[in-house]
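Student: I'd like to learn how to read a protein model. Can we go through it together?

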Amino acid sequence: MRVSYQHANVRSGNESTLLRFTTDDGTRACILVDSGDDVDLDSLLGPDEYLNAILLTHAHIDHYRTLARNVRHNAPIYTSPATATVLKRALPEARKDNDLGDISAALDALEPIDDWTSILPNLDVRPVPAGHTPGGAGFLVRFRETETTGELLNGEHHLLATGDFTERPCAGYPGLETTYPFDIDAVLLNASTEDAYPSALDESVRTVLERAYAGSRVVVATSSLTGVHYATLLGHAAAALDRDLPITLVGQAAKLYDGLGLDDPGIETRDVFDRPGEVLEQGRVTIGGPETPTRGSASRLLEAVADDPAAVFVQLATGDSVAVSNVRCTTRCVELRNHPSIETIDDTVRDLAPTQVVIKHAMGETLNRFQRRFDRCFTWGTNDDEIHRLYEGGEWLAPDWIAETTATKIRTRQWKAMKNRSFDAAGAVPTVRRDSVNLAAEGLDLEALEDAFARSSADPYEASTAEDEPATAGTAVGVEGEPTTDGTTADAEVKEADDRSLEAELLDRLAAIESKLEQPDGETVRARVLTDGDGEQVLRLVDTADLDAGETVEITISTGSS
């Protein structure tokens with residue numbers, strides 16, 4: 001068997017690869033892994049070559065933009081079952097704004113699989129979990145060397161194409177595993193990294209919960225698959241906090257959520273709505289797309305809350321997005337790219353201990369940096385569209401540019417790494433099937449959220465503050481630096497107060513400064529003071545008042561207990 005790879009779009013994303021497997025009798029199988037921007041099989045396939053299969057790792061458009069144009073030779077498009085479900089709904093929608101070709105050809109060729117599937121008698125493929133998106137997968141490729149008698153010569157060999165991956169689960173779908181019941185000889189490694197993802201996720205969730213629990217209308221604009229993932233995390237976070245949080249997915253995100261058959265706490269779906277007011281209310285989180293609100297559900301939702309100073313519009317940017325400005329509502333733009341950290345990439349390669357690593361989804365200096373990163377395997381960081389041989393004559397080959405003395409050192413290190421790696425010969429190959437949602441495993445700091453937001457069922461806005469109630473026996477009060485009745489000092493209490501979460505401080509402030517709002521006609525109503533976190537204060541009416549949007553009123557502020 002001879003195995004080679006060829007970059008299919010090295011200058012346009014470099015996530016797509018054409019693999020060739022040639023048997024001793026000359027039979028050749030061509031497998032395309034992902035079909036992103038500028039992939040043209042007419043220029044890649046030779047006159048005597050035929051496409052045997054396309055492996056689609058997940059339904060982000062940068063991985064399937066040329067999919068329909070590259071279907072040929074009755075080749076199936078293999079995906080995980082979840083990705084197939086998403087793609088059936090994503091392709092017709094994406095066609096509205098992208099030149100995708102004849103998507104009916106792609107839909108007809110779509111074939112979900114979850115177990116080993118034969119390409120040739122001695123060549124098989126199957127999906128494995130890869131995190132990154134709901135239903136995202138990598139692919140294992142298994143090939144066998146055989147003699148004419150059919151007896152195994154060198155046994156089985158395995159190649160893993162990671163696709164975009166994380167070792168974190170995603171909306172309950174497992175992340176990439178690094179332990180298999182066989183050796184992983186070669187890895188096509190997508191090297192997109194994002195070290196800031198956990199902190200960005202925590203920041204955005206904290207903002208959404210703060211504003212929703214303060215009674216704001218909250219809109220989240222993001223891509224459809226990210227919307228499904230994010231709604232799942234919010235719903236389970238609210239359940240863990242034992243607090244109600246109504247969440248509505250709208251538009252394409254709602255269609256994907258329903259198509260996947262998900263059922264998570266607090267989430268309802270409205271793929272179509274006549275008026276934005278139908279899916280917007282105080283204390284509700286409404287999630288729609290796209291992340292830049294120039295069209296679709298996000299555009300309509302932004303228009304509905306743009307002039308509401310108490311509302312918040314959160315953009316979860318997964319690509320190059322333009323932040324919203326020139327609106328009266330509070331806006332937040334958070335880059336939320338679900339990729340592994342550089343340390344996770346290193347750990348993945350170390351744990352898999354492959355002989356070969358081909359760097360994908362990287363260009364320029366990043367590609368060069370990864371080419372020098374791993375010293376226990378042969379690393380291919382090529383930036384061309386030439387055909388490179390990885391395996392031939394029963395041996396995994398070293399790149400031409402590596403001297404034989406260096407290759408010998410790498411083989412020695414690789415042999416030692418293989419001895420130390422985790423191995424479970426009796427284990428099972430993981431499947432791309434949803435499990436229970438583990439918030440900590442998905443990257444959320446649940447302990448911090450509990451400190452900030454967990455409470456009893458009592459309404460926090462009705463709670464009294466220390467200013468409202470007299471001190472009782474045993475209460476620790478005092479001036480700064482002086483002892484209190486329980487032996488602590490006021491300094492400790494000041495520090496404790498400083499350590500309280502922003503949510504607790506906001507709730508105390510709101511309870512302490514509830515106001516009465518007097519209209520020009522003499523009507524007296526109550527209002528609550530909100531803050532956007534940047535120093536601007538906004539009044540939200542607690543009682544109903546006969547006012548029209550945009551109307552100017554004069555107010556008299558009177559503070560006191562509710």
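This is a predicted model: local features need pLDDT of at least 70, side-chain atom pairs count only at pLDDT 80 or more; totals for chains, interfaces and linings use all residues.

Student: Which residue does the side chain of Arg 2 meet in a salt bridge?

Tutor: That would be Glu 392, with 3.8 Å from N to O. Glu 392 is partly exposed too, at 29% relative accessible area.

Student: How many residues apart in sequence are the parts that Glu 392 and Arg 2 tie together?

Tutor: They're 390 residues apart: Arg 2 lies in strand 1 (residues 2-7), while Glu 392 lies in strand 20 (residues 387-392).

Student: How many salt bridges are there?

Tutor: The count is 26 salt bridges. Here's another one to find: Asp 97 and Arg 295 meet through their side chains at 3.2 Å, N to O. Asp 97 is in the loop between helix 3 (81-94) and helix 4 (103-109), and Arg 295 is in the loop between strand 15 (285-288) and helix 8 (296-305), so this pair ties together parts that are 198 residues apart in sequence. Both ends are partly exposed: Asp 97 has 45% relative accessibility, and Arg 295 has 40%.

Student: What is the salt-bridge partner of Arg 411?

Tutor: Glu 395, and their closest N and O atoms are 3.5 Å apart. This pair links distant parts of the chain, with Arg 411 in helix 11 and Glu 395 in strand 21, 16 residues apart. Arg 411 is partly exposed at 30%, and Glu 395 is partly exposed at 41%.

Student: Which residues do salt bridges that share partners join into one network?

Tutor: Arg 2, Arg 389 and Glu 392.

Student: Okay, on to rings. What describes a pair of aromatic rings?

Tutor: Two things: how far apart the centres are and the angle of the planes. In this structure there are 9 aromatic pairs. Take Phe 21 and Phe 143, a tilted pair with 6.0 Å centre to centre and 55° between the planes. Phe 21 sits in strand 2 (residues 17-22) and Phe 143 in strand 9 (residues 137-146), 122 residues apart, which makes this a link between distant parts of the chain.

Student: Are Phe 21 and Phe 143 buried or exposed?

Tutor: Phe 21 is buried, at 0% relative accessibility. Phe 143 is buried as well, with a relative accessible area of 0%.

Student: Why is the pair of Trp 380 and Trp 401 edge-to-face?

Tutor: Look at the angle. Their planes are at 75°, so the pair is edge-to-face, and the ring centres are 5.6 Å apart. Trp 380 belongs to strand 19 (residues 378-380), and Trp 401 to the loop between strand 21 (395-396) and helix 11 (404-420), 21 residues apart. Trp 380 counts as buried at 3% relative accessibility, whereas Trp 401 counts as partly exposed at 44%.

Student: Which residues form one aromatic cluster?

Tutor: Phe 21, Phe 143, Tyr 391 and Trp 396. Arg 142 lies over the face of Trp 116, at 4.1 Å from the ring centre. Likewise, the charged end of Arg 243 sits over the ring of Tyr 213, 3.8 Å from its centre.

Student: How many bridges join strand 16 to strand 17?

Tutor: There are 6, and strand 16 (residues 312-317) runs parallel to strand 17. To spot the pairing, find Val 312, which stands opposite Thr 330 in strand 17.

Terms used:
Residues are numbered from 1 along each chain as its sequence is written. Side-chain values use heavy atoms; hydrogens and water are left out. Rings of Phe, Tyr and Trp (its six-membered ring) pair if their centres lie within 6.5 Å; planes under 30 degrees apart count as stacked, over 60 as edge-to-face and the rest as tilted. Helices (H or I, at least four residues) and strands (E, at least two) are DSSP runs, numbered from the N terminus. Buried means under 20% relative accessible area, exposed over 50%, partly exposed in between (1.4 Å probe, protein chains only). A charge sits over a ring if NZ of Lys or CZ of Arg is within 6 Å of the ring centre and within 35 degrees of the ring normal. A salt bridge is a side-chain nitrogen of Lys or Arg within 4 Å of a carboxyl oxygen of Asp or Glu. Two strands pair if DSSP finds at least two bridges between them.
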